[in-house]
Amino acid sequence: MKINIATLFPAMCENVLSTSIIGRARNSGKVEIKTYDIRDYTLDKHRNVDDTPFGGGPGMVMQAQPVYDCCKAIEEESGVKPFVIFTSRAGKPFTQELAKELARKEAITIVCGHYEGIDERVVEEIADMEISIGDYVLTGGELPALVITDAVCRMLPGVLASEEGFTDESHYSGLLEHAQYTKPREWMGRSVPEVLLSGHAKNIADFRKADSLERTRIKRPDLYEKYMEKGE
Ligand SMILES: C[S@@+](CC[C@H](N)C(=O)[O-])C[C@H]1O[C@@H](n2cnc3c(N)ncnc32)[C@H](O)[C@@H]1O
């Protein structure tokens with residue numbers, strides 16, 4: 001899969017994308033991730049990419065032309081037409097379901113807004129989807145793009161050591177994952193649940209399933225209700 005990120009701050013993205021699991025996945029060719037500097041596509045001789053908003057108001061707005069030209073250049077370079085996502089407070093809420101859906105695409109381009117946002121006309125012209133990572137306003141679309149990229153990459157074949165790594169995880173099945181423990185067996189007077197030390201695979205699996213259900217019921221009653229309605 002190819003993931004392209006169009007941003008005014010490629011270095012900020014590269015820092016995160018070159019470390020840990022995503023960095024290894026990139027190096028081993030499990031995923032191709034490229035960052036593009038939108039500023040490289042401006043026609044302005046001072047390399048400006050923003051201007052004041054029509055109608056007045058505070059801040060600056062990213063212009064349509066550099067964003068459009070950057071996405072078109074990515075499309076030409078990709079050889080396939082990437083699915084184009086604009087990060088936006090007004091977008092579809094990002095969920096595990098949506099991450100799974102995006103992981104099935106051959107190529108995606110994620111566009112990062114900045115300042116007061118991007119001229120709406122380029123969004124209308126080329127966006128296949130707008131995505132929000134939550135009901136709060138961030139300074140730019142870089143963190144949302146990294147969140148989306150990370151969640152999508154985890155589901156690509158071979159990125160995690162085993163598929164269980166993600167099929168067990170919170171939200172994959174609609175439930176939160178069971179609690180996790182590691183050594184030592186006792187810490188600050190708290191013991192690890194005895195069953196996890198038993199080596200009995202079926203009892204451990206039953207315990208974890210029950211723990212997963214109970215944690216979801218207590219911590220995320222909204223998810224628990226949805227899960228029970230599905231009758232799973
Ligand atoms: C400061 S924000 C613009 C906020 C905009 N004026 C508003 O009130 O919705 C700049 C950029 O950050 C990104 N952004 C901010 N919050 C976001 C969120 N919750 N999810 C996705 N992208 C977000 C978008 O790309 C946005 O264009």
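## Salt bridges

A salt bridge is a side-chain nitrogen of Lys or Arg within 4 Å of a carboxyl oxygen of Asp or Glu. The side chains of Arg220 and Asp222 meet in such a bridge, with 2.9 Å from N to O. The model shown here is a predicted one: local features need pLDDT of at least 70, side-chain atom pairs count only at pLDDT 80 or more, and totals for chains, interfaces and linings use all residues. Residues are numbered from 1 along each chain as its sequence is written, and side-chain values use heavy atoms, with hydrogens and water left out.

The structure holds eleven salt bridges. In the one between Arg220 and Asp222, Arg220 is partly exposed, with a relative accessible area of 32%, and Asp222 is also partly exposed, at 44%. Here buried means under 20% relative accessible area, exposed means over 50%, and partly exposed lies in between (1.4 Å probe, protein chains only). Asp119 forms another salt bridge with Arg121, where the closest N and O atoms are 2.6 Å apart. Asp119 is buried, because its relative accessible area is 17%, whereas Arg121 is exposed, at 54%.

A further salt bridge joins Glu97 and Lys100, whose closest N and O atoms are 3.1 Å apart. These two residues are separated by about one helical turn, because they are three residues apart in helix α4 (residues 96-103). Lys100 is buried, with a relative accessible area of 16%.

## The chain as a whole

The protein chain has nine helices and nine strands. Both kinds of element are DSSP runs, numbered from the N terminus: helices are H or I runs of at least four residues, and strands are E runs of at least two. The chain has 232 residues, of which 39% count as buried. Its C-alpha atoms fill a box of roughly 70 × 40 × 40 Å, taken along the principal axes.

## Around the ligand

The ligand is surrounded by 19 residues, and the closest are Thr87, Ile133, Gly134, Tyr136 and Leu138. A residue counts as near a molecule or strand if one of its heavy atoms lies within 4 Å of it. By class, this shell has seven nonpolar, ten polar and two charged residues. Ala, Val, Leu, Ile, Met, Phe, Trp, Tyr, Cys and Pro count as nonpolar; Asp, Glu, Lys and Arg count as charged; the others, Gly among them, count as polar.

Accessible areas come from the Shrake-Rupley method with a 1.4 Å probe; for residues, only the protein chains shown count as cover. The elements that give two or more residues to the shell are β5 (83-93) and β7 (129-132). Strand β5 gives the most, with three residues.

## A nonpolar surface patch

Phe9, Met12, Tyr115, Tyr136, Leu138 and Leu143 make a nonpolar surface patch of about 520 Å². Patches are made of residues with over 30% relative accessible area and no salt bridge; like charges are joined within 9 Å, and nonpolar side chains (Val, Leu, Ile, Met, Phe, Trp, Tyr) within 5 Å. Tyr136 and Leu138 are in the patch and are also among the residues closest to the ligand.

Leu143 has its place in helix α6 (residues 142-153). With 44% relative accessibility, Leu143 counts as partly exposed. Tyr115, another patch member, lies in the loop between β6 (107-111) and α5 (120-126). Tyr115 is partly exposed as well, with a relative accessible area of 34%.

## Backbone details in the loops

Which residues other than glycine have a positive phi? Tyr115 is one of them, with phi near 55°, and Met188 is another, with phi of about 50°. Met188 is found in the loop between β8 and β9 (190-191). Met188 counts as exposed, because its relative accessibility is 67%.

A cis peptide bond joins Lys183 and Pro184, with omega of about 5°. Pro184 is found in the loop between α7 (164-167) and β8 (186-187).
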